[in-house]
Amino acid sequence: MTRLRVMRLAWPVRCLRGFTPEEMALLRQGLWPTALEDRWVVWLDAGLLRVWRAWTGECIYEAEVGEDETGAGQCRVLRVCDDPDVYTRSSGEAGEVDRFEGVLAMLLGRRKEAAA
């Protein structure tokens with residue numbers, strides 16, 4: 001597997017994304033590629049959710065996630081890779097939030113199906 005890198009340049013975006021306690025547990029375990037066609041790595045550690053491209057190891061998204069007493073999480077700010085040599089970002093905040101949501105929905109849905 002490619003070495004995972006830290007994000008060098010970031011564009012902050014408002015993102016009001018909530019996570020259930022079940023999703024928080026899955027994110028802490030990490031969502032790691034299991035097949036060649038898996039394109040993303042996702043891991044929540046110490047309140048920082050990172051999303052990397054699996055093939056390149058480049059960090060595309062970072063989100064600070066707070067956790068409440070029930071185990072639910074809340075993201076308020078999403079940092080998006082702003083290095084044009086690494087990632088072509090959307091022109092607007094809404095587009096990047098949609099991309100982020102899509103990656104998480106796909107990966108969390110896949111993990112939930114595998115656990116069932």
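**Reading a turn and a buried arginine**

Mentor: Let's start with A46, which sits in the loop between β2 and β3; strands here are DSSP E runs of at least two residues, helices are H or I runs of at least four, and both are numbered from the N terminus. This is a predicted model, where local features need pLDDT of at least 70, side-chain atom pairs count only at pLDDT 80 or more, and totals for chains, interfaces and linings use all residues. Residues are numbered from 1 along each chain as its sequence is written, and side-chain values use heavy atoms, with hydrogens and water left out.

Trainee: How do β2 and β3 pair, and over how many bridges?

Mentor: Two strands pair if DSSP finds at least two bridges between them. Here β2 (residues 40–45) and β3 (residues 48–53) run antiparallel over six bridges, and V41 has W52 as its bridge partner in β3. Two residues lie between the strands of this hairpin, and A46 has a positive phi of about 55° despite not being a glycine.

Trainee: Is A46 buried or exposed?

Mentor: Buried means under 20% relative accessible area, exposed over 50%, partly exposed in between (1.4 Å probe, protein chains only). A46 is at 80%, so it counts as exposed.

Trainee: And which side chain does the side chain of R17 make a polar contact with?

Mentor: A polar contact is a pair of N or O atoms within 3.5 Å; within protein, one must be able to donate a hydrogen and the other to accept it, and residues adjacent in sequence count only if both atoms are side-chain atoms. For R17, in strand β1 (residues 10–19), the partner is the side chain of E101, at 2.9 Å. R17 is buried, at 10% relative accessible area.
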